[in-house]
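Subject: Structure handover and findings

Hello,

Here is the structure we discussed. Please look it over first; my notes follow below.

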Amino acid sequence: MGRCPRGCPESQRVPLDEALGIAPYQQSSEELVRLGCLLSVMMPYAQASEVLRQWSGLSVSASSLWNWVQQVGQRAEAALAKALDAQASGQTMTPEPIDEVLAALPLAIGADGVMVPFRPTPKTPVGQVQWREVKVGILARLGTRVTRAGERVPQLLRRRLVAVLGTIEAFIPPLQLESTRQGVDTAPLVVWLSDGGRGFWRVYRTCFASAVAVLDFFHAASHLARATQALFGTLNSAEAQAWFRRWRHLLRHGQAYRVRQTLTQLIHLPGWSTAAFATLLQVQAYFQRHHQHTRYQTFDRLGLPLGSGMVESACKWLIQQRFKGVGMRWSEDGFNHLLLLRLAWANDRFDDLFPSVPKSLTDSSPNL
């Protein structure tokens with residue numbers, strides 16, 4: 001297609017423009033922009049540019065892909081802000097459609113944080129990397145599956161993700177919004193899964209205080225290891241290992257109260273060094289604080305997960321695989337816009353960002 005340098009209107013008409021849905025002066029179709037953004041969601045921009053060239057024969061630079069992501073990311077940002085404003089104003093939020101089988105399953109919710117490298121100064125790679133925490137939440141229906149050994153184990157269905165670069169206060173509204181979309185008010189059982197991070201337990205108390213809360217068993221066991229080391233000065237002796245295994249067994253099989261009781265007795269004994277006493281006091285307070293969240297035998301009977309692996313896996317898949325490659329350092333806008341697109345794809349809403357692209361040409365579901 002040629003264009004007259006003088007801007008003569010007749011020379012700027014192409015017969016297929018209307019059929020292809022190409023606006024005046026538009027250089028790329030919405031379909032191509034969508035495909036470029038989708039590839040950028042999954043891989044670095046330079047790699048996405050090469051894959052796009054190999055697949056379509058069209059040469060689109062990595063910087064053009066970056067610009068497309070920023071443009072579409074701004075639309076996603078505006079849509080999220082609008083939804084959050086509606087939520088804050090008290091408007092009733094409509095849950096997403098869900099079939100009856102999934103609606104009858106418990107809704108599991110978890111949250112954790114992951115660090116991402118950022119540039120210290122915008123638009124320049126100069127300076128030392130700044131590591132900032134991204135809060136990640138996951139919501140999923142808890143189904144079951146049968147292993148080859150015939151054992152029934154939990155299975156996550158209809159997973160939805162939330163992620164925010166910011167404080168706990170900034171993380172809570174998007175998580176509340178997504179929980180409403182996933183039917184938190186009508187789920188037969190809501191389960192909160194997390195490790196011992198106080199900030200995320202504050203999310204639980206603020207948003208899901210009526211839910212069944214499960215403290216990650218392996219995180220709890222690591223605190224028993226700390227207490228054991230304070231007792232014996234090492235974890236390597238046979239006596240220390242035996243003590244730790246006994247404590248862990250009691251915790252796992254419904255006798256967490258005996259663990260708390262033993263810790264309380266120990267901190268009242270004289271003769272501890274300052275460091276050992278401080279550790280035992282911290283661990284005792286930890287288990288006292290989470291005494292309702294360590295009923296692992298009960299949780300096991302209910303078929304609930306005992307660990308927060310689902311959110312740790314989400315952190316790796318959503319954040320680390322795309323944002324923590326070799327040499328990567330991000331600007332805040334560049335990170336946020338790409339993150340919103342990656343979330344849209346993971347949550348099966350990517351095509352909503354490209355309403356003019358025919359649905360017959362799109363299939364962006366990540367099959368989560």
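Start with A83, which lies in helix 4. Helices here (H or I, at least four residues) and strands (E, at least two) are DSSP runs, numbered from the N terminus. This is a predicted model: local features need pLDDT of at least 70, side-chain atom pairs count only at pLDDT 80 or more, and totals for chains, interfaces and linings use all residues. Residues are numbered from 1 along each chain as its sequence is written, and side-chain values use heavy atoms, with hydrogens and water left out.

**A83 and its contacts**

A83 counts as buried, at 12% relative accessibility. Buried means under 20% relative accessible area, exposed means over 50%, and partly exposed is in between (1.4 Å probe, protein chains only). Leaving aside residues up to four places away in sequence, A83 touches M93, L177 and R181. Contact means heavy atoms within 4.5 Å. A83 and L177 are 94 residues apart in sequence, yet their C-alpha atoms are 8.0 Å apart in space.

**Helix 3 against helix 4**

Two packed helices are described by the angle between their axes and the distance between the axes. Axes are lines fitted to C-alpha atoms, for helices over the stretch in contact, and angles run from 0 to 180 degrees between N-to-C directions. For helix 3 (residues 45-56) and helix 4 (residues 62-88), the axes come within 8 Å and cross at roughly 105°. The two are therefore roughly perpendicular. Angles under 35 degrees count as roughly parallel, over 145 as roughly antiparallel, 65 to 115 as roughly perpendicular and the rest as oblique. Helix 3 contributes Y45, A46, A48, S49 and L52 to the contact; helix 4 contributes A62, L65, W66, V69 and Q70.

**Helix 13 against helix 14**

How do these two cross? The axes of helix 13 (residues 309-323) and helix 14 (residues 332-346) come within 11 Å, and the angle is roughly 135°. They are therefore oblique to each other. From helix 13, W317, L318, I319, Q321, R322 and F323 take part; they meet F335, L338, L339, R342, L343, W345 and A346 of helix 14. By class, this contact has ten nonpolar, one polar and two charged residues. Ala, Val, Leu, Ile, Met, Phe, Trp, Tyr, Cys and Pro count as nonpolar, Asp, Glu, Lys and Arg as charged, and the others, Gly among them, as polar.

Helix 14 is largely enclosed by the rest of the structure, because 13 of its 15 residues are buried.

**Helix 8**

The buried residues of helix 8 include F217, A220, H223, L224 and L231. Among the elements that cover the buried residues of helix 8 are strand 5 (212-215), helix 9 (238-252) and helix 11 (274-289).

Most residues other than glycine have a negative phi, and most peptide bonds are trans. R158 is not a glycine, but its phi is positive, at about 50°. R158 sits in strand 3 (residues 152-165) and is buried, with a relative accessible area of 16%. D348, also a residue other than glycine, has a positive phi near 60°. D348 is in the segment after helix 14. At 44% relative accessibility, D348 counts as partly exposed.

Best regards
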